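Good morning, everyone, and thank you for making time for this.

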Amino acid sequence: MELKEMRILVVEDNSAARNLLKNILTDVGIHQIFTAGDGREAQEFLDEAHDEIDLILCDWRMPRMTGLELLQQVRTVFPEMPFIMITANADIDSVKAAMNYGVNAYISKPYSAQELEKKMKMIAFQLSMSAAKD
């Protein structure tokens, strides 16, 4: 799967950070971008449109449902859904907690557009390899 073909769900409660992510994604050629303001809104979206998403980019600290809680929910229903956690929680315990629930990648804030693009290309490559096996 090419990066530009991916359908991305951005989950971020801060509108400025959400818009920054959307701009970065658009700059790398991604045009199918969906957004949610918190984990609960993302969960509701996924309940309706789970097969329309190829990757979730998610903040950790949000009201109503955190990124880690969303990751836990996603893993129970969509165990193979690629999930990148974007957070200021860069301590080892937070990283371990996210890894325990199967996060695919972890990006610490502040991050660069190049770092985000690199992680997304890695996920796109993994998806391509999985599709080739099927």
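Let me begin with a question: is Leu20 buried, partly exposed or exposed? Leu20 counts as partly exposed, because its relative accessibility is 45%, and here buried means under 20% relative accessible area, exposed means over 50%, and partly exposed lies in between, with a 1.4 Å probe and protein chains only. Leu20 sits in helix 1, residues 15-27, where helices are DSSP runs of H or I with at least four residues, strands are runs of E with at least two, and both are numbered from the N terminus.

Before going on, please keep in mind that this is a predicted model, in which local features need pLDDT of at least 70 and side-chain atom pairs count only at pLDDT 80 or more, while totals for chains, interfaces and linings use all residues. Residues are numbered from 1 along each chain as its sequence is written, and side-chain values use heavy atoms, with hydrogens and water left out.

Now to the inside. A nonpolar core is a set of buried Ala, Val, Leu, Ile, Met, Phe, Trp, Tyr and Cys residues joined through side-chain atoms within 4.5 Å. The largest such core has 23 residues, and the members that touch the most others are Leu9, Val11, Ile56, Leu70, Val74 and Phe83. At least two residues of this core come from each of strand 1 (7-11), helix 2, strand 3 (55-59), helix 3 (67-77), strand 4 (83-87) and helix 4 (92-100), and helix 3 gives the largest share, with 4 residues.

Next, the charged pairs. A salt bridge is a side-chain nitrogen of Lys or Arg within 4 Å of a carboxyl oxygen of Asp or Glu, and by this rule the count is 6. One of them joins the side chains of Arg7 and Asp54 at 3.0 Å, N to O, and this pair links distant parts of the chain, since Arg7 is in strand 1 and Asp54 is in the loop between helix 2 and strand 3, 47 residues apart. Arg7 is partly exposed because its relative accessible area is 25%, whereas Asp54, with 10%, is buried.

A second bridge connects Lys121 with Glu117, whose closest N and O atoms are 3.3 Å apart. Why are these two separated by about one helical turn? They are 4 residues apart in helix 5, residues 113-133, and therefore about one helical turn lies between them.

There is also a network of salt bridges that links Glu12, Asp59 and Lys109. Lys109 is joined to Pro110 by a cis peptide bond, with omega about -5°, and Pro110 belongs to the loop between strand 5 (105-108) and helix 5. Another backbone feature is at Arg64, in the loop between strand 3 and helix 3, where phi is positive, about 65°, although the residue is not a glycine. As background, most residues other than glycine have a negative phi, and most peptide bonds are trans.

To finish, consider one more pair of positions: Leu20 and Arg7 are 13 residues apart in sequence and 17 Å apart in space, C-alpha to C-alpha.
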